[in-house]
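Take a look at the fold first, then read on.

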Amino acid sequence: MACASGCATCVCINEQMIGELSASQVQELEADLLQLKKDLKDLLATTESGAKPVTLRDNVGRLSRMDEMHNQSILLANRNLTKNRLKQVIPAIARIGNDTYGCCSVCGELISFARLKAYPEAAMCLECKSESE
Ligand SMILES: [Zn+2]
């Protein structure tokens, strides 16, 4: 039976296992994803104030102002990475809900548990991912 995302090769739905992942592995990855989502949200919340435009203050010198702007550009880049990762995590949690989790969204092959353990939000197998980059 092909899964809802149109995977031709994987047997995701209503089997005792989701692809090659056992139910307990899926549970473990779901817990990882929920923790990751929380961590990323916390990170965005704690860096929120630093993301506001640098206010020009009279009592700081030109150099420290440049420092401040430089630090902010790093912080903003990190925030973008965090936001992008969060955008992957949320649909991954949804895929667990509809039993398509663990299938590559491109070729439909199963994504290995080892890869999912490292990147629980992964939507593509290693091959497709490296081809898309
Ligand atoms: Zn693939």
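Leaving out neighbours within four places in sequence, A92 is in contact with L33, Y101, P120, E121 and A123; contact means that two C-beta atoms, placed from the backbone, lie within 7 Å. Keep in mind that this is a predicted model, where local features need pLDDT of at least 70, side-chain atom pairs count only at pLDDT 80 or more, and totals for chains, interfaces and linings use all residues. Numbering runs from 1 along each chain as its sequence is written.

A92 turns up again in the largest nonpolar core: of its 14 residues, A92 and I111 touch the most other members. Such a core is a set of buried Ala, Val, Leu, Ile, Met, Phe, Trp, Tyr and Cys residues joined through C-beta atoms within 7 Å. Helices α1 and α2 each supply at least two residues of this core, and α1 gives the most, with three.

| Helix | Residues |
|---|---|
| α1 | 23-46 |
| α2 | 62-97 |

Overall, the protein has four helices and zero strands, in the order α-α-α-α. Helices (H or I, at least four residues) and strands (E, at least two) are DSSP runs, numbered from the N terminus.

L81 and L40 sit 41 residues apart in sequence and 9.8 Å apart in space, C-alpha to C-alpha.

Of the protein's 133 residues, 20% count as buried.

Conventions
Buried ≥ 20, exposed ≤ 12 C-beta atoms within 10 Å, placed from the backbone.
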